Amino acid sequence: MIFGVLKDIKKHEYRVIATPSEVSTIVKDGHRVLVQKNAGANAGFPDEEYIKSGAEIVDTMEEIYERSDFVAKVKEIEPCEYDLLREGQIIFTCIHPAAHREEVQALLDKKVIAFTAEDSHRYGSPNCEAAGKVGAFLGLESLLSINGGNGKFVNGLAGAPGIKALILGGGIVGKNALQVLQSLGAWVTVMDINIATLREIGKMYNEKVNTQISTRYNIEKLLPEIDLLLNCVKWPKDSKEFLIDRSMVRKMQKGSVIVDISNDYGVIETFRETTLDNPRYIEEGVVHYCVSNLPSTISQTTSVAYAASVLPHIRNIMNLGIEEACIRDGFLRRSLTVYKGYLTHEETSAIQNRPWIRPEDILKIADKKLDPAPPATITRSNNFITL
């Protein structure tokens, strides 16, 4: 097969889906690799390194799409790419389909085979780890007086106390934010709806981290004394109620900071997405930092980790074929989003009110011994397509 590595074109996206290391492996498997010119340059991987690994450098994304059987990049397919897609072409990237109706429609219209990478991680995405760690650092930076913050230092000094931080969500993102803040001496509380998660965090830090069940009551009670709030919750996209409404934000101290790492509408009423050009705004006296692609700020580290994590999926698809790859790996199977004009992603079906078909049915592998995987989200849809 011919595998194409695209240069990401989303503003301030510096990561790359495959480093020279992954390219070398794919080439040794017997495939050809095309890399768009400067695809890895912003992550510290010059074209020369890709050439040494066996890749061919091509000038444009148009040529990548035209020549490649399988195309991959980090972020969503942009509107300028829609007409470049070819029927039957394999796409692997972070599609975020439930939130992007137009993108999903283009993938359906072009009859491609697309996998949404964010649903394919058995052990959690390295992007989540990166977002948690970077989000904590950027939250501390936002507390600086020059950024509108209250001017408190993370662990205090000479009799001045350190900051109090609240992390909502004890998953991969939350745990990594906690690792940074706790190691720097912040007073941290973690809230989650899962008692087992809270118990695990308590044991991990010898009960030196406060843990609490996440409820609106508990959050509202604690917010007035919090300097830094990190939202690490994966929120249901069809939820009609805010976890933190405007009145709760208003009760926070002036100059306190909210970092919305998850960037899901519905968690915090005062949230609006920002970019690295202008990452902060102040609302109700509280500094908000709401950039969606935080992992891009540490592009080399994240690219190395992320590319290694998705390489097994890429190799299985190319070496075994889509059907066998999806039989062997349930996490890859659940990430199949569209297949030759059919929607195969349950959450997108529910949120966008589109009919869908299960990946195992469209691939005709339902009778095989399938590697199990839990659903990617709690959102369910019975709006099935019948072949």
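What follows is a friendly set of questions and answers on a predicted model.

Me: Before we start, how are residues numbered, and which pLDDT applies to local features?
Reply: Numbering starts from 1 along each chain as its sequence is written, side-chain values use heavy atoms, with hydrogens and water left out. Totals for chains, interfaces and linings use all residues, side-chain atom pairs count only at pLDDT 80 or more, and local features need pLDDT of at least 70.

Me: Are helix 1 and helix 10 roughly parallel or roughly antiparallel to each other?
Reply: Helices here are DSSP runs of H or I with at least four residues, strands are runs of E with at least two, and both are numbered from the N terminus. The axes of helix 1 (residues 20–28) and helix 10 (residues 299–320) come within 10 Å and cross at roughly 20 degrees; axes are lines fitted to C-alpha atoms, for helices over the stretch in contact, with angles from 0 to 180 degrees between N-to-C directions. Angles under 35 degrees count as roughly parallel, over 145 as roughly antiparallel, 65 to 115 as roughly perpendicular and the rest as oblique. Helix 1 and helix 10 are therefore roughly parallel.

Me: How many nonpolar residues are in the contact of helix 1 with helix 10?
Reply: Glu22, Thr25 and Ile26 of helix 1 make the contact with Ala307, Ala308, Leu311, Ile314, Arg315 and Met318 of helix 10, where contact means heavy atoms within 4.5 Å. Ala, Val, Leu, Ile, Met, Phe, Trp, Tyr, Cys and Pro count as nonpolar, Asp, Glu, Lys and Arg as charged, and the others, Gly among them, as polar. By class, there are two charged residues, one polar, and the nonpolar ones number six.

Me: Is the crossing of helix 5 and helix 6 left-handed or right-handed?
Reply: The axes of helix 5 (residues 126–142) and helix 6 (residues 172–183) come within 7 Å and cross at roughly 45 degrees, so the two helices are oblique to each other. A crossing is left-handed if the near helix is turned anticlockwise from the far one by less than a right angle, and right-handed if clockwise. The crossing of helix 5 and helix 6 is right-handed.

Me: How do the residues of the contact of helix 5 with helix 6 divide by class?
Reply: From helix 5 come Cys128, Glu129, Gly132, Lys133, Ala136, Phe137 and Leu140, and they meet Ile172, Val173, Asn176, Ala177, Gln179, Val180 and Leu181 of helix 6. They divide into two charged, three polar and nine nonpolar.

Me: Which residues touch the most other members of the largest nonpolar core?
Reply: A nonpolar core is a set of buried Ala, Val, Leu, Ile, Met, Phe, Trp, Tyr and Cys residues joined through side-chain atoms within 4.5 Å. In soluble globular proteins, nonpolar side chains tend to be buried together. Of the 40 residues in this core, those touching the most other members are Phe3, Val5 and Phe115.

Me: Which helix gives the largest share of this core?
Reply: Phenylalanine 115, one of the members named above, has contacts that include Ile90, Phe92, Ile317 and Leu336. The largest share of the core is six residues, and they come from helix 10.

Me: Is threonine 348 buried or exposed?
Reply: Threonine 348 lies in helix 13 (residues 346–352). Leaving aside neighbours within four places in sequence, threonine 348 is in contact with Pro97, Ala98, Val104, Leu343 and Asn353. Buried means under 20% relative accessible area, exposed over 50%, and partly exposed in between, with a 1.4 Å probe and protein chains only. At 0% relative accessibility, threonine 348 counts as buried.

Me: How far apart are the C-alpha atoms of tyrosine 342 and aspartate 109?
Reply: Tyrosine 342 is in strand 15 (residues 342–343) and counts as partly exposed at 32% relative accessibility. Tyrosine 342 and aspartate 109 are 233 residues apart along the chain, and their C-alpha atoms are separated by 9.3 Å.

Me: What is the phi of alanine 158?
Reply: Alanine 158 sits in the loop between helix 5 and strand 7 (164–168). Alanine 158 is exposed, with a relative accessible area of 86%. Its phi is positive in a residue other than glycine, near 45 degrees.
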